[in-house]
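Here are some notes for a colleague who has not looked at this structure before. Please read them with the model open.

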Amino acid sequence: MPQPSSRLLHVLVVDDDPPVRELLVEYFRERGHEVTAIASGAEAVSELERRASTYSLIISDLQLPGTDGLGVLRTARTLNPAAMVIIITGYASIESAVQAVRLGAYDYLTKPFSLGQLDVIVQRAAERQALEAENRQLARQIEGHGPAAGAPLLAERLAAIDLRLARIEQLLRGIADPSRSRSA
């Protein structure tokens with residue numbers, strides 16, 4: 001079993017299929033993450049309207065009662081752009097994959113998927129969030145110190161982070177290519 005991530009994630013799981021929802025809740029809790037589980041898109045939108053900043057990762061089924069997964073994705077990206085959203089579906093299509101990625105989904109998984117696939121995606125998402133947080137922190141330090149003696153070192157670190165983020169984006173574009181099958 002993979003080691004728990006050193007970074008605690010606050011996860012919102014949205015799936016109307018109880019066995020899938022329970023499996024995902026167990027998966028994240030076993031890894032030490034905090035999880036909220038919801039059965040409908042409408043409930044998820046309400047939860048996000050109340051506590052969007054709480055969630056760093058959102059896993060949403062595509063086909064949901066009330067509001068579909070793309071509606072959950074739109075709401076999440078509007079209210080908390082830093083949150084990573086993974087769309088899961090048993091009804092995958094190129095059109096829905098492209099639409100999800102265009103709306104800002106971090107990834108798109110077809111059911112059934114392996115927990116190993118989810119491990120890789122969650123680890124990448126956590127690493128990306130950590131890099132973005134470090135980038136924001138360093139930017140605040142540079143703004144607070146102006147042209148202080150440490151600013152060149154901070155600028156170098158920011159440039160390195162930007163380079164790593166660009167590499168992650170490049171990898172994600174390759175993964176988001178709908179011609180690649182992700183189903184297990």
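1. Overall burial. Of the 184 residues in the chain, 44% count as buried. The model is a predicted one, and the points below should be read with that in mind.

2. Order of elements. The chain's secondary structure comes to six helices and five strands. Followed along the sequence, these elements give the pattern β-α-β-α-β-α-β-α-β-α-α. Among contacts between residues at least 6 apart in sequence, 66% join residues at least 24 apart.

3. Helix α1. This helix covers residues 18-30, 13 residues in total, and its span from first C-alpha to last is 18 Å, close to the 18 Å expected at 1.5 Å a residue. Which residues of α1 are buried? They are Val 20, Arg 21, Leu 24, Val 25, Tyr 27 and Phe 28. These residues lie on the same side of α1, because they cover an arc of only 160° around the axis. An α-helix has 3.6 residues a turn, so residues three or four places apart point the same way. On the face of α1 turned away from the buried side are the exposed residues Pro 19, Glu 22 and Arg 29.

4. Tyr 27. Is Tyr 27 buried or exposed? Tyr 27 counts as buried because its relative accessibility is 3%, and the cut-off for buried is under 20%. Leaving aside neighbours within four places in sequence, Tyr 27 is in contact with Leu 115, Leu 118, Asp 119 and Val 122. Tyr 27 and Leu 115 are 88 residues apart in sequence, yet their C-alpha atoms are 8.1 Å apart in space.

5. After α1. Gly 32 follows α1 and has a positive phi, near 85°. His 33 is in the loop between α1 and β2 (34-38). With 6% relative accessibility, His 33 counts as buried. A polar atom of the His 33 side chain lies 3.0 Å from the backbone nitrogen of Leu 9.

6. Asp 15 sits in the loop between β1 (10-14) and α1. Why does Asp 15 count as buried? Asp 15 does so because its relative accessible area is 0%. A polar atom of the Asp 15 side chain is 2.9 Å from the backbone nitrogen of Asp 17. Not counting residues up to four places away in sequence, Asp 15 touches Val 20, Arg 21, Ile 38, Ala 39, Asp 61, Leu 64, Ile 88 and Lys 111. Two of these contacts, Val 20 and Arg 21, are among the buried residues of α1.

7. Strands β4 and β5. Strand β4 (residues 84-89) pairs with β5 in the parallel sense, over four bridges. Thr 89 stands opposite Thr 110 in β5. Together with helix α4 (residues 94-102), β4 and β5 make a right-handed β-α-β unit.

8. The faces of β5. In a regular strand the side chains alternate between the two faces of the sheet. Which residues of β5 are on each side? In β5 (residues 107-110), Asp 107 and Leu 109 are on one side, and Tyr 108 and Thr 110 are on the other. All of them are buried, and both faces of the strand are covered.

Technical notes: Residues numbered from 1 in each chain as written. Predicted model: local features only at pLDDT ≥ 70, side-chain atom pairs only at ≥ 80, totals over all residues. Heavy atoms only, no water. Buried < 20%, exposed > 50% of the residue type's maximum accessible area, 1.4 Å probe, protein only. Helix = DSSP H or I, 4+ residues; strand = E, 2+ residues; numbered from the N terminus. Pairing = 2+ DSSP bridges. Right-handed = clockwise from strand over helix to strand, strands pointing away. Expected span 1.5 Å × (residues − 1). Arc of directions from axis to C-beta. Polar contact = N/O pair within 3.5 Å; in protein donor to acceptor, adjacent residues only side chain to side chain. Contact = heavy atoms within 4.5 Å.
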